[in-house]
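Subject: Structure handover

Hello,

Here is the structure I promised to pass on. Please open it alongside this email.

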Amino acid sequence: MSVPLLDLRAQHATIKDEVVPAMLRLVDDQLFILGQPVEQLEQSVAALSRTKHAIGCANGTDAILLALRALDIGRGDQVITTPFTFFATAGTVHNVGATPVFVDIEPKTFNILPDAVAAAVGPKTKAVIPVDLFGQMAPIEQVEKAAPGVPIIEDAAQSIGAERRIGGETVVAGERATVGTLSFFPSKNLGAYGDGGMMLTQDDELAARLKRLRVHGGAKTYYHDEVGFNSRLDALQAVVLQAKLPHLTGWSAKRRTNAAYYDAAFADLGDVQTPYVEPCNVSIFNQYTLRVARRDALQSFLKERGIGNSIYYPLPLHLQPCFAYLGYKPGSCPEAERAAGEVLSLPIYPELTQSQLDEVIAAVRAFYGR
Ligand SMILES: Cc1ncc(COP(=O)(O)O)c(C=O)c1O
């Protein structure tokens with residue numbers, strides 16, 4: 001039996017009767033651009049993320065791009081971020097004309113290292129973008145201390161609803177940042193039937209600006225205060241996401257259950273390092289990522305047995321050809337580089353059956369002759 005890395009059809013089958021009628025109602029109404037469906041989702045996600053504002057946009061990449069623009073970041077400015085993330089985190093910094101400054105990661109969580117942020121802060125630093133990688137929040141309170149007064153764009157694309165205990169209080173992903181950003185790419189815990197994104201903030205002025213920026217920079221139709229973008233969240237996607245939202249908590253909990261099951265099954269494999277979740281964090285396990293020495297051999301072995309897997313991420317961003325102009329050399333971010341050679345993500349989606357979970361476990365154990 002083969003096990004896919006992700007099976008979106010399995011999820012759709014469980015919610016078809018809720019999602020499809022809602023989509024058809026919108027088609028009957030023919031109200032496809034912004035309006036009530038988008039506003040309703042914005043309110044729901046703001047409540048979930050405990051932010052005053054949530055502003056839908058076209059995708060998680062644009063959410064970061066618009067946040068950078070709303071903070072007036074551009075030419076001559078530096079933005080500190082992690083090289084161990086999806087490309088969009090830094091591509092957007094380049095696309096507003098600013099310079100990404102890559103700093104290393106903490107090797108157990110793969111999240112940005114606050115000490116490295118502190119060492120990189122300078123007069124040109126205009127923002128830090130920590131990424132809540134694989135479903136686990138980055139240490140945002142330590143990033144705040146490392147870069148006092150610097151705006152934080154929290155890239156929570158992979159971590160909607162993740163939690164962190166900070167000083168006796170629970171903080172939700174995006175809640176504490178200057179702007180938090182979400183992606184509804186289909187593989188996320190809350191995935192659209194296409195693209196979608198959202199920006200979260202507690203700041204009224206920033207919220208108003210983000211709202212303008214997504215509609216060509218004009219609060220009033222045909223009048224433009226500044227040049228913005230066409231980056232609206234599609235109403236049809238908002239309807240899908242609203243229908244899926246009540247399931248999110250359960251789906252993320254099931255991912256945690258699956259993760260715990262894998263953890264126990266791999267506990268005696270000395271060569272396998274299972275995901276480390278800081279005790280103060282509640283991960284939503286968008287990915288279940290192992291660290292192993294013979295990664296490429298394990299990947300081929302699993303592929304031959306039909307076990308879905310993927311490498312997030314094989315080449316850290318500071319070494320990508322498009323960023324060669326920044327001058328980073330191998331060894332600049334050693335932990336990110338080491339992680340890129342050792343990580344392997346396994347199927348973790350909530351609809352995995354018991355036999356599928358056991359099949360994945362059996363294949364990994366077989367590789368180690370156990
Ligand atoms: C960490 C991270 N940042 C940004 C994005 C960009 O989101 P999108 O694909 O919706 O543009 C993604 C996901 O794809 C992501 O995983």
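Predicted model: local features only at pLDDT ≥ 70, side-chain atom pairs only at ≥ 80, totals over all residues.

**Helix α1 against helix α8**

Start with α1, residues 8-29, and α8, residues 235-244. Their axes come within 9 Å and cross at roughly 140 degrees. The two helices are therefore oblique to each other. The crossing is right-handed. On the α1 side, the contact is made by Gln 11, Ile 15, Glu 18, Val 19, Ala 22, Met 23, Leu 26 and Val 27. They meet Ala 235, Leu 236, Val 239, Val 240, Ala 243 and Lys 244 of α8. By class, that contact has 11 nonpolar residues, one polar and two charged.

**Helix α10 against helix α12**

The other pair is α10, residues 295-304, and α12, residues 354-367. Here the axes are 10 Å apart and the angle is about 130 degrees. That makes α10 oblique to α12. This crossing is right-handed too. From α10 come Ala 297, Leu 298, Phe 301 and Leu 302. From α12 come Ala 363, Val 364, Ala 366 and Phe 367. The contact has eight nonpolar residues, no polar ones and no charged ones.

Next, look at α3, residues 60-70. Nine of its 11 residues are buried, so the helix is largely enclosed by the rest of the structure. The buried ones are Gly 60, Asp 62, Ala 63, Ile 64, Leu 65, Leu 66, Ala 67, Leu 68 and Ala 70. At the start of α3, a side-chain oxygen of Asn 59 reaches to within 3.1 Å of the backbone nitrogen of Thr 61. After the helix comes Asp 72, with a positive phi near 60 degrees.

Thr 92 sits in helix α4, residues 88-95. Its relative accessible area is 2%, so Thr 92 is buried. Beyond its sequence neighbours up to four places away, Thr 92 touches Thr 61, Ile 64, Leu 65 and Leu 68.

**Asn 111**

Asn 111 lies in the loop between β3 (99-102) and α5 (114-120). The backbone oxygen of Gln 136 lies 3.2 Å from a polar atom of the Asn 111 side chain. Val 131 is 20 residues away along the chain, yet its C-alpha is 6.7 Å from that of Asn 111. Setting aside residues up to four places away, Asn 111 touches Ile 105, Glu 106, Val 131, Asp 132, Leu 133, Gln 136, Met 137, Ala 138 and Pro 139.

**Thr 125**

At 8% relative accessibility, Thr 125 counts as buried. Its side chain reaches the backbone nitrogen of Gly 122 at 2.8 Å. Leaving aside neighbours within four places in sequence, Thr 125 contacts Gln 78, Ile 80, Ala 120 and Val 150.

Best wishes

Note on methods: Residues numbered from 1 in each chain as written. Heavy atoms only, no water. Helix = DSSP H or I, 4+ residues; strand = E, 2+ residues; numbered from the N terminus. Contact = heavy atoms within 4.5 Å. Polar contact = N/O pair within 3.5 Å; in protein donor to acceptor, adjacent residues only side chain to side chain. Axes fitted to C-alpha atoms, helices over the stretch in contact; angles between N-to-C directions. Parallel < 35°, antiparallel > 145°, perpendicular 65-115°, else oblique. Left-handed = near helix turned anticlockwise from the far one by under 90°. Nonpolar A, V, L, I, M, F, W, Y, C, P; charged D, E, K, R; others polar. Buried < 20%, exposed > 50% of the residue type's maximum accessible area, 1.4 Å probe, protein only.
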